[in-house]
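Please read the report below alongside the sequence and the coordinates.

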Amino acid sequence: MRKNIKLFVVIFFCLLPIYSHAKLKVLTTTNNLKSLVELIAGDKVDVESFSKGTQDPHYIEAKPSYMVKASRADLLVSIGLELEVGWLPLILRGSRNPRLREGEEGHFIAGNLIETLEKPTATFSRADGDVHPEGNPHFLLDPLNAIKIAEKLKFKLAKLDPENTSVYEKNFKKFTSDLTLRVKQWKKRIKVGTKVITYHKTLTYFYHRFGIINIALLEPKPGVPPSARHILGVMKKAKTEGVKLAIVENYFDPTVANRVAKDVIGLKVKVVPVSVNGEPKILNLFDLYESLITSVEE
Amino acid sequence: MKNFYILLVLLVSTAAYGKKLQSRGNSFNPDIGINVLFLNQDSDRDTSEDGMNLQEAELQFSSDVDAYFTAKALFAVAKEEGSYGFEPEEVYVETIALPHVTLRVGKSKMPLGKHNQLHTHAFPFINAPLANETILGDEGLNETGVGASALIPLPWFSEFNFSYTQGENEDLFNSDRKANKALVARLNNLWDLSDSMTLELGFSGAEGKNSDHLDTKLFGADLTLKWRPVAGGKYRSFEWASEFLEKDREGATDDKLSGVVSHLKYQMAQRWYVQYRYDYLGLNESKTIDAVKRHTGLVAFLPSEFSGIRLQYETIDDGQTKDEKRVSLQFNISIGAHPAHAY
């Protein structure tokens with residue numbers, strides 16, 4: 001009996017490496033990153049995202065089941081810029097998978113490759129709300145940033161899975177040319193200088209790319225729920241600037257925006273998904289950008 | 001006057017320079033966080049802890065040691081018999097470079113049940129469950145030793161945790177023969193019932209020699225159901241957690257004691273929670289302690305992740321003719337680096 005157990009243990013540990021050499025297992029922190037991995041890697045990797053499309057990626061719970069997934073992953077793709085600071089460290093610790101630690105080969109941090117917007121220049125404290133010291137982390141909503149990251153991601157995938165290098169290369173080329181073409185078309189549909197108000201600073205990069213001007217935010221400070229006084233100020237601004245559109249990211253409550261719209265004549269509220277799978281019909285980044293453009297165009 | 005201005009400019013510029021250098025050097029300093037709990041309590045029977053108090057201040061330092069280890073030190077400042085004491089609550093080192101397993105050396109809260117692993121500021125209610133307070137003591141089961149934990153390769157989350165400790169808990173272990181050690185083990189499982197719901201089931205046990213050179217055995221079981229919808233999860237969530245704890249201490253004060261606690265927690269808005277808890281201590285008939293039943297209600301308002309105001313009302317039935325009633329109001333804040341709470 002003793003011998004049998006020993007034999008079993010030996011076989012088990014011999015099988016482990018075989019099991020782990022199947023398809024590359026990729027985990028991403030957001031669905032937008034997941035879509036990017038899918039567009040570059042196609043069916044050559046298994047990819048899964050921690051956050052779902054309707055969840056605020058700042059506040060994901062570090063579910064132990066995520067640790068199990070991380071323990072078996074070859075590559076983790078994250079946003080960085082402290083977006084996941086409240087939950088990802090716990091998952092990594094629980095996974096007991098040192099390959100995925102920050103700075104190791106199995107952890108790709110997209111935020112490190114981006115010139116961020118809204119990087120605070122003056123000193124700040126928690127009294128300013130959830131400020132990201134390294135800049136706004138929602139950079140994937142600018143399609144051109146997606147291309148920038150895809151290029152580096154392609155190299156990372158090729159390094160971990162050299163056999164499929166040509167596939168990643170081919171997919172990347174197609175992704176780049178398709179997206180560049182679409183961006184040109186999308187630019188024609190948006191009138192530069194279109195004015196909007198938004199709930200949170202999620203769409204900064206999107207607005208920046210397409211020349212949309214954000215007049216006011218419904219949140220007085222990042223992560224701080226709207227106060228009555230702040231809302232009055234937003235109403236006043238919306239009226240004087242003649243804003244016609246209020247955008248609410250779909251993980252926030254639209255009640256406040258509807259309240260503003262009651263008072264500001266001609267203001268329309270649109271609840272928009274800001275992530276792939278944020279709505280069932282949004283299956284990839286192309287669908288997401290298309291839906292955002294549709295929401296803003298007149 | 002001119003000299004004064006020159007001096008001022010110099011001072012300001014060196015200050016700015018100093019700050020820049022400091023911020024670069026900071027990456028090697030430990031992350032520092034402080035949690036402070038202020039408490040006002042009012043009881044109609046036991047008034048010894050009534051009035052306004054600094055319930056506890058926790059100072060937390062954490063940092064990676066090198067490429068192989070990470071360390072955490074947490075000190076608690078709290079009132080003990082009228083004066084403030086400064087005590088190490090947890091000081092330990094963990095491995096970060098080993099695959100499949102985490103090894104731990106130091107003093108830490110033992111994984112005996114779920115509640116025992118929480119710091120005071122993370123308690124779901126203002127005070128600990130009766131079973132934890134009575135069986136494990138005010139400080140809980142907190143031991144110095146070595147431990148190992150690993151994920152069991154199963155389709156669901158299943159974690160095994162084993163600790164080999166000195167066993168210094170005054171009532172439970174505390175053998176004067178230093179060769180006697182206390183062992184603590186826990187098996188914890190979690191299943192995703194859906195993207196919004198999880199079920200957690202844990203079993204814990206501990207064993208060691210007590211001051212009468214006889215065995216003390218502890219057993220714990222816990223069941224937690226959590227729900228947070230994938231859409232709208234910022235504004236609504238629900239939790240039902242139950243825990244059973246039992247001690248069997250042989251010796252002069254031969255005593256078997258067990259208790260159960262169960263609580264409900266409902267998030268009704270982004271920053272508002274209502275909670276209810278039921279405690280029953282003395283499921284078996286203890287020789288030394290009368291059965292105690294307690295109902296607790298709590299309303300919490302959390303302005304942000306870093307501050308909270310909680311109002312709690314308890315009725316305690318310990319067999320006397322009239323139940324004890326207690327109202328507590330707690331204000332807690334967290335400054336500096338604050339590591340995320342476990343799920």
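## Strand pairing in chain B

In chain B, β5(B) and strand β6 (residues 142-151) pair in the antiparallel sense over nine bridges, where strands are DSSP runs (E, at least two residues) numbered from the N terminus, as helices (H or I, at least four residues) are, and two strands pair if DSSP finds at least two bridges between them. Within this pairing, Val101(B) has Ala150(B) of β6(B) as its bridge partner.

This is a predicted model, in which local features need pLDDT of at least 70 and side-chain atom pairs count only at pLDDT 80 or more, while totals for chains, interfaces and linings use all residues. Residues are numbered from 1 along each chain as its sequence is written, chains are lettered from A and ligands numbered from 1 in the order in which they are written, and side-chain values use heavy atoms, with hydrogens and water left out.

In another part of chain B, strand β12 (residues 255-269) pairs with both β11(B) and β13(B). Ser262(B) of β12(B) stands opposite Ser242(B), and Ser262(B) also stands opposite Tyr278(B) in β13(B). The hairpin that joins β12(B) to β13(B) passes through two residues.

| Strand | Partner | Bridges |
|---|---|---|
| β4(B), residues 83-95 | β5(B), residues 101-109 | four bridges |
| β11(B), residues 237-249 | β12(B), residues 255-269 | 13 bridges |
| β12(B), residues 255-269 | β13(B), residues 272-281 | ten bridges |

Strand β15 (residues 307-317) of chain B includes Ser307(B). Ser307(B) counts as buried because its relative accessibility is 16%, given that buried means under 20% relative accessible area, exposed over 50% and partly exposed in between (1.4 Å probe, protein chains only). Leaving aside residues up to four places away in sequence, Ser307(B) touches Leu302(B), Asn332(B) and Ile333(B), a contact being heavy atoms within 4.5 Å.

## Domains and cavities

For chain A, the domain assignment gives domain 1 (18-114 + 131-184) and domain 2 (190-296), with bounds that come from an automatic or database assignment. The C-alpha centres of domain 1 and domain 2 of chain A lie 27 Å apart, and 26 residues of domain 1 are in contact with 24 residues of domain 2.

A search of the whole structure finds two cavities of 30 Å³ or more, a cavity being a set of points on a 1 Å grid over the protein atoms alone where a 1.4 Å probe fits but cannot get out, with lining residues having an atom within 4 Å of a point. The largest cavity has a volume of about 200 Å³. Among its 18 lining residues, Thr30(A), Asn32(A), Pro57(A), His138(A) and Val274(A) are the closest to its centre. Both domains of chain A give residues to the lining of the largest cavity, so this cavity lies between them.

The second largest cavity holds about 80 Å³ of space. Of the 13 residues that line the second largest cavity, the closest to its centre are Tyr59(A), Glu219(A), Gly223(A), Phe252(A) and Lys234(B). The second largest cavity also lies between domain 1 and domain 2 of chain A, because both give residues to its lining.

Key:
On a 1 Å grid over the protein atoms alone, a cavity is a set of points where a 1.4 Å probe fits but cannot get out, and a pocket is an open set with protein on both sides within 12 Å along at least five of seven lines; lining residues have an atom within 4 Å of a point. Grid points are joined across faces, edges and corners, and a volume is the space filled by probe spheres set on the points.
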